[in-house]
Amino acid sequence: QVQLVESGGGLVQAGGSLRLSCAASGRSFSSYAMGWFRQAPGKEREFVGAMSRSGGNTYYVDSVKGRFTISRDNAKNTGYLQMNSLKPEDTAVYYCAAALSYLASAAYQYDYQYLDWGRGTQVTVSS
């Protein structure tokens with residue numbers, strides 16, 4: 001089991017940037033694939049992106065491709081979500097999650113693949 005804590009959320013104007021961090025403690029972070037999800041008010045939680053355990057593979061939902069970048073520093077037990085060119089529709093609570101098992105490429109987008117979750121951090125983008 002790994003404990004996850006997100007930080008870095010806040011209020012930003014459209015077109016601005018934020019970098020979210022996901023600090024992990026407990027079991028070695030390098031053992032986990034990392035996912036980022038978000039949930040806007042009144043909507044279901046949706047996949048944003050993910051990174052494999054080694055960091056060699058990343059996956060993004062189409063709506064954030066070219067704007068968001070996931071990275072990780074296993075030595076620091078921390079993952080990151082760099083968000084650029086933010087839009088009002090990016091407003092949501094953002095969660096990081098960890099999956100211990102090996103995931104096929106198509107599986108990263110499903111939240112049930114992830115056993116450990118942070119509590120989330122609010123991102124609000126004003127127009």
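Modeller: A disulfide is a pair of cysteine sulfur atoms within 2.5 Å. Here the torsion about the S-S bond of C22 and C96 is about 65°, so the disulfide is right-handed. Their sulfur atoms lie 2.0 Å apart, and the structure holds one disulfide. This is a predicted model, in which local features need pLDDT of at least 70 and side-chain atom pairs count only at pLDDT 80 or more, while totals for chains, interfaces and linings use all residues. Residues are numbered from 1 along each chain as its sequence is written, and side-chain values use heavy atoms, with hydrogens and water left out.

Biologist: Which strands hold C22 and C96?

Modeller: Strands (E, at least two residues) are DSSP runs, numbered from the N terminus. C22 belongs to strand 3 (residues 18-26) and C96 to strand 9 (residues 92-99), so the pair, 74 residues apart, links distant parts of the chain.

Biologist: Is C96 buried or exposed?

Modeller: Buried means under 20% relative accessible area, exposed over 50%, partly exposed in between (1.4 Å probe, protein chains only). Both C96 and C22 are buried. Seven of the eight residues of strand 9 are buried, so this strand is largely enclosed by the rest of the structure.

Biologist: How many bridges join strand 4 to strand 9?

Modeller: Two strands pair if DSSP finds at least two bridges between them. Strand 4 (residues 33-39) runs antiparallel to strand 9, and seven bridges join them; W36 stands opposite C96. Strand 9 also pairs with strand 11 (residues 121-126) in the antiparallel sense, over three bridges, with V93 opposite Q122.

Methods: Helix = DSSP H or I, 4+ residues; strand = E, 2+ residues; numbered from the N terminus.
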